[in-house]
Amino acid sequence: MPQEPTVTPAAPEGDDYLERRALRRGSAGWVLLTGLGVAYVVSGDYSGWNFGLAEGGFGGLAIAMVLMGAMYACMVFALAELSSILPTAGGGYGFARRALGPWGGFLTGTAILIEYVLAPAAIVIFIGDYVESLGLFGLESGWPMYLVCFAIFLGIHLWGVGEALRFSFVVTGIAVVALIVFALAALPDFSFASLDDIPVDPSAAGSSSWLPFGLLGIWAAFPFGMWFFLGVEGVPLAAEETRDPARTLPKAIRWSMGILVVLAVVTFFAAAGARGSDAIQEAGNPLVEALQPNGEATTLSRIVNYAGLAGLVASFFSLIYAGSRQLFALSRAGYLPRFLSLTSRRKAPYLGLLVPGTIGFLLAALSGNGARMLNIAVFGATISYALMSLSHIVLRRREPELPRPYRTPGGVLTSSVALVLACAALVATFLVDVTAALIALVVYAVAVGYFGLYSRKRLVAKAPEEEFAALAAAEAELARD
């Protein structure tokens with residue numbers, strides 16, 4: 001069995017190490033956390049998923065959405081159990097640290113961090129595009145717009161987590177209500193004949209009107225089926241700021257996933273059935289396009305357009321929160337430079353917010369390629385999903401007597417399904433954008449080099465995730481004796 005790396009017996013900063021790295025406790029209940037889970041994802045209902053129609057057609061994307069929905073459902077049930085065992089800000093990193101050791105924890109946390117740094121950078125570009133298309137105050141998409149977005153929303157997060165989550169909850173509510181309004185408005189124009197109107201590629205194996213690009217199109221549509229759910233796994237990152245996390249987190253995770261499934265099905269069918277899959281497969285704002293059959297704006301299409309902006313803001317805002325908490329936890333435990341986990345007088349991890357925010361802004365301003373950044377984020381996400389699902393399986397096998405306030409329905413079978421589908425989704429990212437996948441691999445390799453050569457020997461024993469691991473190792477040693 002591999003030995004644990006050397007950890008510092010006490011943080012070199014002194015006895016106040018954790019006090020200077022404390023979050024505000026008890027700031028969120030299950031309702032706010034459910035809103036947070038939906039907020040992570042809701043922008044995916046407004047844009048992005050429709051590009052999967054160009055990969056797999058309506059049938060291919062529908063099957064991909066079902067399979068990816070199954071992956072997320074199985075995974076969040078496993079995460080609900082893990083979060084009731086280890087309610088710390090590390091989330092997936094903390095779970096993997098306990099099950100797979102420090103290397104597993106670092107690989108998982110880094111993959112999650114890639115997702116949560118790249119996704120806001122992509123979304124802020126989409127926000128700029130929406131603002132420009134709406135003609136708001138004559139503003140144009142570009143780096144000044146991105147800078148304003150990051151400055152405003154980072155400022156709200158720095159003010160405090162309770163204020164941040166309440167803001168996110170309100171904006172998310174607006175976006176969800178608008179999705180329901182959209183579905184009702186699209187209903188009179190719905191036609192089943194419009195769903196499969198994409199021209200068939202006769203050279204594709206297994207092609208038909210429902211699968212115009214053949215069976216391989218189903219697999220290629222996996223990353224876009226994920227966009228209906230991408231980010232919901234971030235709910236456990238709020239563990240240390242939650243009231244009664246062992247009960248609150250599983251409840252919030254389940255409710256979030258249930259709401260997202262309903263929104264995904266309603267949005268997908270309403271948009272494709274109202275205008276046709278062919279017409280919206282490359283649209284930047286597919287829901288608006290679905291309500292404008294002649295290309296002319298209507299009152300309802302304008303409402304949905306503004307709501308799409310609200311949805312993008314909600315996800316952008318929430319993913320900034322998730323990224324800061326993941327960075328905070330990795331830094332506090334010594335996996336990343338420790339100064340990044342310092343908190344302000346209002347208990348906000350200010351460097352954990354400002355550093356990834358600055359990186360996100362620079363990526364958006366210098367590249368302007370939101371689609372590629374989202375593909376890199378998806379690559380990181382699928383790696384973390386596989387490792388978190390594996391963590392659930394390992395803990396069930398290795399520590400069956402561990403107290404579990406919540407138990408995953410189906411046990412390891414459920415998390416095994418999530419593991420297999422996550423691996424399939426990881427491979428599918430190469431079918432969509434090989435360059436994005438290779439960029440993510442390079443970033444991953446640099447991070448692994450830093451951990452292997454430097455930080456793995458300088459972990460902080462006082463960090464909650466390390467204390468959990470040390471306690472487990474001690475208990476295992478006593479059992480062997």
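Analyst: A residue is called buried when its relative accessible area is under 20%, exposed when over 50%, and partly exposed in between, using a 1.4 Å probe and protein chains only. The model is a predicted one, in which local features need pLDDT of at least 70 and side-chain atom pairs count only at pLDDT 80 or more, while totals for chains, interfaces and linings use all residues. Residues are numbered from 1 along each chain as its sequence is written, and side-chain values use heavy atoms, with hydrogens and water left out.

Helices (H or I, at least four residues) and strands (E, at least two) are DSSP runs numbered from the N terminus.

At the N-terminal end, helix 16 is capped by Asp 433, which places a side-chain oxygen 3.2 Å from the backbone nitrogen of Thr 435. A polar contact is a pair of N or O atoms within 3.5 Å; within protein, one must be able to donate a hydrogen and the other to accept it, and residues adjacent in sequence count only if both atoms are side-chain atoms.

Which residues of helix 16 are buried? They are Ala 436, Ala 437, Ala 440, Tyr 444, Ala 447 and Phe 451. These residues lie on the same side of helix 16 because they cover an arc of only 90° around the axis; the arc is that of the directions from the helix axis to the C-beta atoms. An α-helix has 3.6 residues a turn, so residues three or four places apart point the same way. On the face turned away from the buried side, helix 16 carries the exposed residues Val 442, Val 446 and Leu 453.

What does the buried side pack against? Its partners are helix 4 (92-134), helix 14 (370-398), helix 15 (412-432) and strand 2 (459-460).

Ala 447 counts as buried because its relative accessible area is 19%. Contact means heavy atoms within 4.5 Å. Apart from neighbours within four places in sequence, Ala 447 is in contact with Phe 106 and Thr 110. Ala 447 and Leu 336 are 111 residues apart in sequence, yet their C-alpha atoms are 9.4 Å apart in space.
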